Structure formats: structure tokens, C-alpha cells
Amino acid sequence: MSWKIKLIKKIFSKKISARIIFLGPKRFIQYFIAQKILRINSNVPWPVHWSSTVTHPKKIKKKSQLPFLGHHFGCYIQANNGIHIGYNLRYGPNVHIVSASHDLNDYEKHTQGKPIVIGDNCWIGAGAIILPEVELGNHIIVAAGSVVTKSFKENNVLIAGIPAKIVKELEPYSGKFNGIEK
């Protein structure tokens, strides 16, 4: 272990140390300034890029601390009805995950519904949009620019398009699972 990592762990709590090590000191300082000093996304307890928005962070349930939803630029994460994230999620910039729509008769209200569920080992490409009540199985890749309007409970598939549909079946996931070999 390098002396820098040892120093970070000694100075900061375990929770903050993991964030600094994951992001790197420079990016951590950028997030710290945006969230703690300028108060952009200050209600979110993890690092969020200043150009991203995360609403209702307490309704986001993750099996692991990583990923930090919203750490890429231009993301919109709205968790009015909740978002449940499995292990080993990867996602690109400008991803939108929207868990509630507006009421058609009163635009000030949001509809009530089930949370969005994203399984283990999923990858959401840049600019993809996931809409309310969608459930994704394990090892699903959402192609860049896709709009997911319905659930895909199957495992090991690539989905793409507007609206998204299955375009390819994949081999079972064989990579690292949150940093641990399977």
C-alpha cells in the first residue's frame, strides 16, 4: 500500500477514505467544493458531479457503496418512487434514471409506483434513459442512447433502441464482481 493511501486512511474516516481512493484526491476536492461549499447536490451523501442532479437520495438502495450515482457529468437521477441497485453497476455520462412521472391531471404531483430495480453486473451506456417501474435482470447492457420503457427480467442480454428491445443474448458475466473475482 502506498504512503498516500495510508495517509488518506489515517486522516479521514473509512467512508471518506474509500471515496478519495476511488475518485482520486483531485476529483474528490472538486466534488467537495461543489457539494459542501457551493451547496450543489448538498443533500446527497456521496460525491455527485456539479452538472448532475440527484433527487431523493434516501430512496436509493444500493447493495454496495459503489457506484456513486451521479458522479458522471450530466446525469439526472430522480428517485421519488425509489431506485434499487445491485452489485457492480457501470454507467456512462448523461444517463437519466427517472422513477416517477408527473400526474397527467396535476403537473405538480408525481405518480406513485414501484421502484426501479437494476440487477447485478449491469452497464448503462451514455445517454440512456430508464423510465418508471422498470426492472432489469442481472448482466444487462443498455446501449447508449436507448430508452428503457418496460422491464427486462431476463439475464445476460443487450438491449438497445427507442423503445429498448433485446438485440443480443450474452454469455454469463465472468468479470470482477465489485473488485472480487467470481
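Cys122 is buried in this predicted model, with a relative accessible area of 1%. Cys75 is likewise counted as buried, at 2% relative accessibility. The structure holds 0 disulfides. The protein has 182 residues, of which 40% count as buried, and its secondary structure comprises 3 helices and 18 strands.

**Overall surface and contacts**

- The accessible surface of the protein comes to about 10600 Å², and carbon and sulfur atoms account for 59% of that area.
- Among contacts with a separation of 6 or more, 27% are made by residues 24 or more positions apart.

**Nonpolar core**

- The largest nonpolar core contains 31 residues. The members that touch the most other members are Ile97, Ile118, Ile124, Ile130, Leu136, Val148 and Ile159.
- At least two residues of this core come from each of the strands β4 (83–85), β9 (116–118), β13 (140–142) and β15.
- Leaving aside residues up to four places away in sequence, Ile124 touches Leu89, Arg90, Tyr91, Gly92, Val95, Ile97, Ile118, Ile130 and Val142.

**Nonpolar surface patch**

- A nonpolar patch on the surface is formed by Phe32, Ile37, Leu38, Ile40 and Trp50, which together have about 550 Å² of accessible area.

**Salt bridges**

- Side chains of opposite charge can pair when their charged atoms come close. The structure holds 3 salt bridges.
- Lys63 forms a salt bridge with Asp120, and their closest N and O atoms are 3.6 Å apart. This pair links distant parts of the chain, 57 residues apart: Lys63 lies in the loop between β2 and β3 (76–78), and Asp120 in the loop between β9 and β10 (123–124).
- Asp120 is buried, with a relative accessible area of 14%.
- A salt bridge also joins the side chains of Lys153 and Glu135, at 3.9 Å from N to O. Lys153 is in the loop between β14 (147–148) and β15, whereas Glu135 is in strand β12 (residues 135–136), so the pair ties together parts that are 18 residues apart in sequence.
- Lys153 is exposed at 58% relative accessible area, while Glu135 is partly exposed at 22%.
- Asp106 and Lys109 meet through their side chains in a salt bridge with an N to O distance of 3.9 Å. Asp106 is partly exposed, with a relative accessible area of 29%.

**Backbone geometry**

- Most residues other than glycine have a negative phi, and most peptide bonds are trans.
- The peptide bond from Ile162 to Pro163 is cis, with omega near -5 degrees. Pro163 is located in the loop between β15 (157–160) and β16 (165–169).
- His56 is not a glycine, yet has a positive phi of about 55 degrees. His56 sits in the loop between β1 (53–55) and β2 (60–62) and is partly exposed, with a relative accessible area of 37%.
- Asn94, also not a glycine, has a positive phi of about 60 degrees. Asn94 falls in the loop between β5 (90–91) and β6 (96–98) and is partly exposed, with a relative accessible area of 34%.

Technical notes: Residues numbered from 1 in each chain as written. Predicted model: local features only at pLDDT ≥ 70, side-chain atom pairs only at ≥ 80, totals over all residues. Heavy atoms only, no water. Helix = DSSP H or I, 4+ residues; strand = E, 2+ residues; numbered from the N terminus. Buried < 20%, exposed > 50% of the residue type's maximum accessible area, 1.4 Å probe, protein only. Disulfide = S-S within 2.5 Å. Core = buried A, V, L, I, M, F, W, Y, C linked by side-chain atoms within 4.5 Å. Contact = heavy atoms within 4.5 Å. Areas by Shrake-Rupley, 256 points an atom, 1.4 Å probe, with all protein chains shown as cover. Patch = residues over 30% accessible without salt bridge, like charges linked within 9 Å, V, L, I, M, F, W, Y side chains within 5 Å. Salt bridge = Lys/Arg side-chain N within 4 Å of Asp/Glu carboxyl O.
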